[in-house]
Amino acid sequence: IGHLSAFHNLKNLLPVHRLDSATSGLLILSKSPQSAKKLGNLFASNEISKEYLARVEGDFKINKNDLNSDPDDEDLVKCVESIDIVSHKPKLFGCSSTGKKSITLFKKVSYCLETNSSVIQCWPVTGRTHQIR
C-alpha cells in the first residue's frame with residue numbers, strides 16, 4: 001500500500017477488503033477512515049455482491065433435470081457443497097462433510113469449440129475460501 005500511495009501521491013490509503021489473494025490479489029482501498037468503515041460494514045453485512053468470470057475446460061452443459069438447476073432460470077446452476085481444509089501443508093481446501101456450507105451460482109456465457117472451453121459467470125452466495133474452485 002505504501003508504494004501505491006507514493007506512486008499516485010495519495011496519502012493515508014486504508015485497506016478495506018482483499019478479494020481472492022491466491023489468484024487476482026485485488027485490494028479494495030479507501031482514501032478516508034469514514035469510507036473505509038462504510039465499505040467494511042457493507043462487506044461484513046453481505047450487501048456487496050461479487051461476480052466472477054471463469055474459463056473452464058469443456059462445454060459447461062446444464063442438465064435441466066438436475067436437482068441443482070434453478071426452476072426460475074433454466075440456464076442457472078446452484079452448487080451447494082461443504083468446504084473445509086483438507087491439508088494444512090500446503091493449505092488446501094476441498095469438499096468435506098465436516099466443512100462450512102458453501103453456495104455458488106453458475107451460468108454459461110459462451111462455449112468455444114476451437115479451445116473446447118466455456119466462459120461461465122460465478123456468483124458466490126457465501127464467502128468461503130476457494131468455493132468457486
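Asp 59, Lys 61 and Lys 108 are linked in a network of salt bridges. A salt bridge here is a side-chain nitrogen of Lys or Arg within 4 Å of a carboxyl oxygen of Asp or Glu. The structure holds two of them.

This is a predicted model, in which local features need pLDDT of at least 70 and side-chain atom pairs count only at pLDDT 80 or more, while totals for chains, interfaces and linings use all residues. Side-chain values use heavy atoms, with hydrogens and water left out, and residues are numbered from 1 along each chain as its sequence is written.

**The salt bridges**

| Pair | N to O distance |
|---|---|
| Lys 61 and Asp 59 | 3.1 Å |
| Lys 108 and Asp 59 | 2.7 Å |

The pair of Lys 108 and Asp 59 links distant parts of the chain, 49 residues apart. Lys 108 sits in strand S7. Asp 59 is in the loop between strand S3 (52-57) and strand S4 (69-70).

Accessibility is classed by relative accessible area: buried is under 20%, exposed is over 50%, and partly exposed is in between (1.4 Å probe, protein chains only). Lys 61 counts as exposed, at 65%. Asp 59 is partly exposed at 27%. Lys 108 is partly exposed too, at 32%.

**The fold**

The chain has two helices and eight strands. Both types are DSSP runs numbered from the N terminus: helices are H or I with at least four residues, strands are E with at least two. Their order from the N terminus is α-β-β-α-β-β-β-β-β-β.

Of the 133 residues, 21% count as buried. The chain exposes about 9900 Å² by the Shrake-Rupley method with a 1.4 Å probe. Carbon and sulfur atoms supply 53% of that area. A contact means heavy atoms within 4.5 Å. Among contacts with a separation of 6 or more, 42% join residues 24 or more positions apart.

Ser 5 lies in helix H1 (residues 2-7). Ser 5 is buried, with a relative accessible area of 12%. Neighbours within four places in sequence aside, Ser 5 is in contact with Leu 10 and Leu 13.

Most residues other than glycine have a negative phi. Asn 12 has a positive phi of about 60°. Asn 12 belongs to the loop between H1 and strand S1 (14-19) and is exposed at 61%. Asn 116 also has a positive phi, near 50°. Asn 116 is placed in the loop between strand S7 (100-112) and strand S8 (117-124). Its relative accessible area is 36%, so Asn 116 is partly exposed.
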